[in-house]
Amino acid sequence: MPRQHPGEPYYRISSTEAKTMLEDSPNDAVVIDVRRDDEWLEGHVSGAIHIPIDDMLDRLDELPDSKTLLFICAAGVRSGLACEFAASAGISPELLYNIEDGTPIWIANNYPTDIGE
């Protein structure tokens, strides 16, 4: 069940909830991985878009329009910041989700993962 803390312009979800959202609406949701390049190469959500957090402000125009954006990092901190950036750019909070438990849990759960580019 998505959760929202007071004042946050996004929802918090687990990797399991994110996987369900992607399965239920594959054309309406996308994962944005905001980790560093080296982290990305070690393993990432299959089909994710890679925009490192340090590049996010310069690349906000690369976020898909009118899709639910599921941001992920290693532990939910950088992805939360990415949600904040997206909200400040005018993206509706209804479309912003932070996968709090991060990529290591996604991979540990044996969810669809790609290695390398």
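Contact is taken here to mean heavy atoms within 4.5 Å. By this criterion, and with residues up to four places away in sequence not counted, tyrosine 11 of the predicted model touches Pro2, Arg3, Gln4, Pro93, Glu94, Leu96, Tyr97 and Asn98. Tyrosine 11 is found in strand β1, which comprises residues 11–13. With a relative accessible area of 16%, tyrosine 11 is buried, because the limit for that class is under 20%. Aspartate 61 stands 50 residues from tyrosine 11 in sequence, and the two C-alpha atoms are separated by 21 Å in space.

One of the residues touched by tyrosine 11 is Tyr97, and tyrosine 97 of β6 is also the bridge partner of leucine 70. Strand β6 spans residues 96–99 and runs parallel to β5, to which four bridges join it.

The burial of β5 applies to side chains pointing in both directions. Thr68, Leu70 and Ile72 point one way from the strand, Leu69 and Phe71 point the other way, and all are buried.

In the UniProt record, an unreviewed entry, the annotation "domain: Rhodanese" covers residues 25–115. In the model this span is 27% helix and 22% strand, and its end C-alpha atoms lie 24 Å apart.

Charged side chains were examined next. Side chains of opposite charge can pair when their charged atoms come close. The structure holds 11 salt bridges. One of them links glutamate 8 with arginine 12 at an N to O distance of 2.4 Å, and both glutamate 8 and arginine 12 are buried. A further salt bridge pairs glutamate 23 with lysine 19, whose closest N and O atoms are 2.6 Å apart. Both of these residues belong to helix α1 (residues 15–24), where they are four residues apart, about one turn of the helix. Lysine 19 is partly exposed, its relative accessible area being 22%.

Arginine 59 and glutamate 62 form another salt bridge, with the closest N and O atoms 2.9 Å apart. Arginine 59 is partly exposed at 22% relative accessibility, and glutamate 62 is likewise partly exposed, with a relative accessible area of 39%. Salt bridges that share partners also join Arg3, Glu8, Arg12, Glu17 and Glu100 into one network.

Backbone geometry was considered for two loop residues. Most residues other than glycine have a negative phi. Serine 66, although not a glycine, has a positive phi of about 55°. Serine 66 is placed in the loop between β4 (49–50) and β5 (68–72), and at 71% relative accessibility it counts as exposed. Asparagine 110 also has a positive phi, near 60°, in a residue other than glycine. Its loop lies between α4 (102–108) and β7 (113–114). Asparagine 110 counts as exposed, with a relative accessibility of 69%.

The cysteine residues complete the account. A disulfide is a covalent bond between the sulfur atoms of two cysteines. The structure holds zero disulfides. For cysteine 73, the nearest cysteine sulfur is that of cysteine 83, at 9.5 Å, and cysteine 73 is in no disulfide. Because a disulfide requires sulfur atoms within 2.5 Å, the separation of 9.5 Å between these sulfurs leaves cysteine 83 in no disulfide either. Cysteine 73 counts as buried at 2% relative accessibility, and cysteine 83 is buried with a relative accessible area of 0%.

Definitions and conventions: Residues numbered from 1 in each chain as written. Predicted model: local features only at pLDDT ≥ 70, side-chain atom pairs only at ≥ 80, totals over all residues. Heavy atoms only, no water. Salt bridge = Lys/Arg side-chain N within 4 Å of Asp/Glu carboxyl O. Buried < 20%, exposed > 50% of the residue type's maximum accessible area, 1.4 Å probe, protein only. UniProt positions renumbered as here; feature names shortened; annotations may be inferred. Pairing = 2+ DSSP bridges.
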